Amino acid sequence: MNFTSTPTGPLGLSRWLRNIVDTVRTTVIGMSITIKYFFTKPVTYEYPEQRMPVAPRYRGLHYLEQDICIACRVCEKACPIDCIEIRFERHPGNVNEWFEFSLDYNKCMHCELCCYPCPVDCIHMGREYSLVKYDRSELIVDLMAWDGMRDKDHVTIQAAIDKKKKKAEEAAAKKAAQAAKAAADEPSAEDENEGEDEE
Amino acid sequence: METTPKPETMTAEVHASGLETRDMLLNIGPAHPAMHGIIRIVAKLDGEQIEEADVEIGYLHRGFEKMAEQVDYNGVMPYTDRLNYVSPLINNVGYCMAVEKMLGITVPERCQYVRVIVSEISRITDHLTCVGATAMELGAFTVFLYMIKAREFLWELVEKVTGARLTVSYCRVGGVKGDLPDDFAEPCKKAFAETRKVLEESDQLLTRNRIFTDRMAGTGVISAEDAISYGITGPFLRATGADFDVRKDSPYAVYDRLDFDVPVGTTGDNMDRYLVRMEEMQQSMKIVEQALRDMPPGPVLVNPETGREIPAAEMVDLAKMGDINAFSGGCAVAGPTLEGSGRAHQPSIATDEKRVFLPAKEDAYGNIEGLMNQFKLVMFGHGIRPPNGEVYFPVEGANGELGFYVVSDGAAHAYRVRVRPPCFAIMSALEHMLTGDMIADMIPTFGSVNMIGGELDR
Ligand code: SF4
Ligand code: SF4
């Protein structure tokens, strides 16, 4: 290996001279390199005022498109440390009454394992990264844009209930008609029952 | 003096001059600026000479191996990031390749190249940190700043690919999360130019610097035989003259197709380790450049007529109406973090084994097979299930051979995971290297070990 190391042996004139040469050379090389940086632009950012641009794929804080979320809980299962908490109630007409979709940033490690499996692609990671809070409990962030149900949802539920009711009424009417028809054909009620049993 | 109880380890002897001398016990660490990571060294000193050094590890134990038994195979990925947190991508690659070996699958060629590229970038960041920190502890703070600056440029590259700088979680069993960005070669070239400049400057500042060489050369010496008997691998072993590199001796991924040299030292002292690391960074850059040149091209971007880009949400709506034809051939535009993972990219970055890798969004929305595949992989009680068996897979980590030993009992999570951390072996030899040296030599020796608490204590 070709590098300067301490010469051994008695402190003769040559070693004395070499020490001086080494010292001067080391200092001059070092200084000449570092002095260049005096005249270049710094590469650092003054953080709170200036913010470093993040890459397009940057995985920051999550956001949820609650409109299209179908509350399938796949993201909850995919998360290795269970930091997503989903509570909802399913109503007729595939409407979810939302109680909670929260993310515990105490635990979340921004691994993005929850985003890809989402079947409808509604949980994303944004570009925001500073999440400074005074209290740990504030780090449990609710991703919901609304909770409970919206007017639209009530309409959907009502429509679904109406539809179901209408269907049931129709079925009942049909059955009644059939029964009436059967009654007209066969006057005896017992016979009708027997017939049904046989079927 | 007789009334004072003496610690057993201290021996007092009367010097020829009549003065009593006695050994001194010095506690260095656990929280000492030179003990990066948390570690304690109890040194028995005779004057300035270290007579015995008791190295105490385990302060950063987090139960990685136990945690890896609790979550599914892909869920381990974030934990592997935290093993060697200076080069997390190599850990990702190592773990994935171990599980893939157990499953008996190979990943596409482009994916292997991508893995090699990200591993080598990580290796450079690791060596930059190690050399920079060692130099800083010897007083060359400037070098540390320059090297960290270069590391930042490389981490920007990593961020472009993975979306995170440190906690990358980039690999998945059977592939990687997303393809390289389209114009990756360009920023890569720029970052490497900066890194080369920094390396050259650091080389001028350090390699012929009298103070640096005086403190590095001849300290922390270990012979090749001793190093091998301790199980040391990586740059540490190569500095002793033994030529062993997992990338050359049992090549994985596409390392056998790439042309690179393995620098080997002669004396096994700190100076050689420094020189080996400096040269390895140059070689790693060479590997990345070759890989970028040789890798098979990514997907040809979608045909503008048939392959429209449709927002994923719209695609979902169309699929719900049953209007599959409206988007067949189109590609879903999911969030920006999922860039590079669509149907066009999947054949080149992920295995086509359906039992391992989640289907592309377009398939999950567009056909029932894709949807079932998706649910078979994400539902409880399903997921990736390797056959019964055990595998060991070594990769060349930045510090040496990083091995993952995975045992499966056929369930969706590993039965047992064991990591072979490269710096564990080196730490066991630390006492051997420190004994007989001066106390001031402990700093460069310990620095060149490049102890990473995360992988040492797991
Ligand atoms: S996986 Fe997607 S759709 Fe399912 S609950 Fe999570 S965010 Fe909602
Ligand atoms: S980013 Fe990772 S840790 Fe955070 S919620 Fe998603 S899966 Fe869980």
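Predicted model: local features only at pLDDT ≥ 70, side-chain atom pairs only at ≥ 80, totals over all residues.
## A first look at chains A and B

Of the 458 residues in chain B, 51% count as buried. Chain B holds 19 helices and twelve strands, and its C-alpha atoms fill a box of roughly 100 × 45 × 35 Å along the principal axes.

**Chain B and its domains**

- Take the contacts in chain B between residues at least 6 apart in sequence: 67% of them join residues at least 24 apart.
- Chain B is divided into domain 1, made of 64–297 + 386–417, and domain 2, which covers 309–378.
- Where the two domains meet, 17 residues of domain 1 of chain B are in contact with 14 residues of domain 2 of chain B.
- On the domain 1 side of that meeting, helix 4 (109–137) and strand 7 (175–176) of chain B each supply at least two residues.
- Helix 4 of chain B gives the most to this side, with three residues.
- By class, the side of domain 1 of chain B that touches domain 2 of chain B has nine nonpolar, four polar and four charged residues.

**A three-stranded sheet in chain B**

- Which strands make up this open sheet, and in what order? Three strands of chain B form it in the order 10-11-12, with antiparallel pairing.
- Strand 10 and strand 12 of chain B are the edge strands, as each pairs on one side only.
- From one strand to the next, the twist averages 10°.
- Helix 3 (residues 88–103) of chain B packs on the sheet and touches strand 10 and strand 11 of chain B. The direction of helix 3 makes about 145° with that of strand 10 of chain B.
- Eight bridges join strand 10 (residues 389–396) of chain B to strand 11 (residues 401–408) of chain B, and these strands run antiparallel.
- Strand 10 and strand 11 of chain B form a hairpin with four residues between them. In the turn, B:Gly400 has a positive phi of about 150°.
- On to the next pair: strand 11 of chain B and strand 12 (residues 416–420) of chain B are antiparallel and share five bridges. Here B:Gly403 has B:Arg420, in strand 12 of chain B, as its bridge partner.

**Where chain B meets chain A**

- How many residues of chain B are in contact with chain A? There are 43, and they are in contact with 37 residues of chain A.
- Several helices of chain B give two or more residues to this side, among them helix 2 (77–81), helix 6 (185–206), helix 11 (270–294) and helix 15 (368–378).
- Helix 5 of chain B provides the largest share of the side that touches chain A, at four residues.
- The side of chain B that touches chain A is made up of 18 nonpolar, 15 polar and ten charged residues.

**The domains of chain A**

- The domain assignment of chain A gives domain 1 (62–142) and domain 2 (150–183).
- Taken over C-alpha atoms, the centres of domain 1 and domain 2 of chain A are separated by 37 Å.
- Four residues of domain 1 of chain A are in contact with seven residues of domain 2 of chain A.
- The residues on the domain 1 side of this contact in chain A divide into two nonpolar, two polar and no charged.

**Two residues with a positive phi**

- A:Glu112 has a phi near 70°, a positive value in a residue other than glycine. You will find A:Glu112 in the loop between strand 3 (95–104) and strand 4 (123–125) of chain A.
- Is A:Glu112 buried or exposed? A:Glu112 is buried, because 28 other C-beta atoms lie within 10 Å.
- B:Arg458 is not a glycine, yet it has a positive phi of about 50°. B:Arg458 sits in the segment after helix 19 (453–457) of chain B.
- B:Arg458 counts as buried because it has 23 C-beta neighbours inside 10 Å, where the cut-off is 20 or more.

Technical notes
Residues numbered from 1 in each chain as written. Chains lettered and ligands numbered in written order. Pairing = 2+ DSSP bridges. Axes fitted to C-alpha atoms, helices over the stretch in contact; angles between N-to-C directions. Buried ≥ 20, exposed ≤ 12 C-beta atoms within 10 Å, placed from the backbone. Domains from an automatic or database assignment. Nonpolar A, V, L, I, M, F, W, Y, C, P; charged D, E, K, R; others polar.
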